[in-house]
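Here are my notes from going through this one. Have the model open while you read.

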Amino acid sequence: MGIAEKRVVGRWRARLWSGAQGRVLEVGVGTGLNIPYYPPGTEVTAVDLSPGMLARARRRAAAMGVPVDLRLGDAERLDFLDASFDTVVATFVFCSVPDPVQRLREVRRVCRPGGRVLLLEHMRSDRAVVGWVLDVLNPLAVRMGSENINRRTLDNIRAAGLEIVEVENLWSDIFRRIVATP
Ligand SMILES: C[S@@+](CC[C@H](N)C(=O)[O-])C[C@H]1O[C@@H](n2cnc3c(N)ncnc32)[C@H](O)[C@@H]1O
């Protein structure tokens with residue numbers, strides 16, 4: 001994962017974050033792997049459900065000298081007023097959360113009209129055979145502790161009331177960068 005993170009996913013993160021501006025919320029910050037890519041001039045608040053993940057993100061932010069407001073928070077009910085952020089970013093979060101449509105509605109609520117929702121996600125392939133294989137393997141993957149590998153994330157984004165403005169296939173049509181707006 002170290003090499004893939006540096007050489008491949010790091011590039012995806014950099015590209016995603018280049019679209020962030022103004023007041024930014026990162027949902028599901030994890031250990032803070034996105035922190036090196038926060039654009040200068042942005043004001044980032046980042047939440048995660050897990051205190052352990054947040055502690056690691058805090059250490060990373062401190063080591064890098066990146067200012068970020070790290071908070072315990074649940075995407076099910078984000079503790080922010082409507083339209084609080086210019087940009088909301090999440091990477092590899094909506095494959096694992098229960099009821100992703102409800103969580104994406106929360107994302108839409110806290111993003112201002114005309115703002116940007118930037119997502120990096122892996123999801124079910126639209127290609128018939130690959131999609132079928134992912135459907136078959138998903139119960140096994142979840143039982144083994146993995147995230148879901150067959151989420152229909154673009155459908156979920158639309159069902160949450162977000163408008164998709166850009167989709168970039170990064171690795172086949174399984175890993176994608178998505179730009180949406182409330
Ligand atoms: C697969 S990790 C991705 C972490 C990070 N975004 C990255 O790209 O490395 C998913 C993260 O989402 C967090 N998470 C899961 N459900 C959440 C929720 N309901 N609200 C906030 N964070 C959540 C997990 O604790 C975990 O840190």
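The points below cover the cores, the aromatic pairs and the strands.

1. First, a reminder: this is a predicted model. Everything here is computed from it.

2. Start with the largest nonpolar core, which has 27 residues. L25, V88, F94, L119 and I157 have the most contacts inside it. Two or more residues each come from β1 (23–27), β4 (85–91), α3 (100–110), β5 (111–122), α5 (153–159) and β7 (175–181). The top contributor is α3, with four residues.

3. Leaving aside residues up to four places away in sequence, I157 touches L104, L119, L162, I164, I178 and A180. There is also a second, separate core, this one of 22 residues; V9, Y38, A57 and L70 are among them. As background, nonpolar side chains in soluble globular proteins tend to be buried together.

4. Now the rings: the structure holds five aromatic pairs. In one of them, W17 and Y38 have ring centres 4.6 Å apart and planes at 45°, so this pair counts as tilted. W17 belongs to helix α1 (residues 2–17), while Y38 sits in the loop between β1 and β2 (43–48), so the pair links distant parts of the chain, 21 residues apart. Buried or exposed, what is W17? W17 is buried, at a relative accessible area of 0%. Y38 counts as buried too, with 9% relative accessibility.

5. F92 and F175 make another pair, this one edge-to-face, at 6.1 Å centre to centre with 75° between the planes. Since F92 is in the loop between β4 and α3 and F175 is in strand β7, the pair ties together parts 83 residues apart in sequence. F175 is partly exposed, with a relative accessible area of 22%; the cut-off for buried is under 20%. Both rings also belong to one aromatic cluster, formed by W12, F92, W171 and F175.

6. Last, have a look at β2. Five of its six residues are buried, so the strand is largely enclosed by the rest of the structure. β2 pairs with β1 in the parallel sense over five bridges, and R23 stands opposite E43 of β2. β2 also runs parallel to strand β3 (residues 69–72), joined by four bridges; here T45 has D69 in β3 as its bridge partner. Between β2 and β3 the chain passes through helix α2 (residues 51–64), and this β-α-β crossover is right-handed.

Conventions: Residues are numbered from 1 along each chain as its sequence is written. This is a predicted model: local features need pLDDT of at least 70, side-chain atom pairs count only at pLDDT 80 or more; totals for chains, interfaces and linings use all residues. Side-chain values use heavy atoms; hydrogens and water are left out. A nonpolar core is a set of buried Ala, Val, Leu, Ile, Met, Phe, Trp, Tyr and Cys residues joined through side-chain atoms within 4.5 Å. Buried means under 20% relative accessible area, exposed over 50%, partly exposed in between (1.4 Å probe, protein chains only). Contact means heavy atoms within 4.5 Å. Rings of Phe, Tyr and Trp (its six-membered ring) pair if their centres lie within 6.5 Å; planes under 30 degrees apart count as stacked, over 60 as edge-to-face and the rest as tilted. Two strands pair if DSSP finds at least two bridges between them. A crossover is right-handed if, with the strands pointing away from the viewer, the path from the first strand over the helix to the second runs clockwise.
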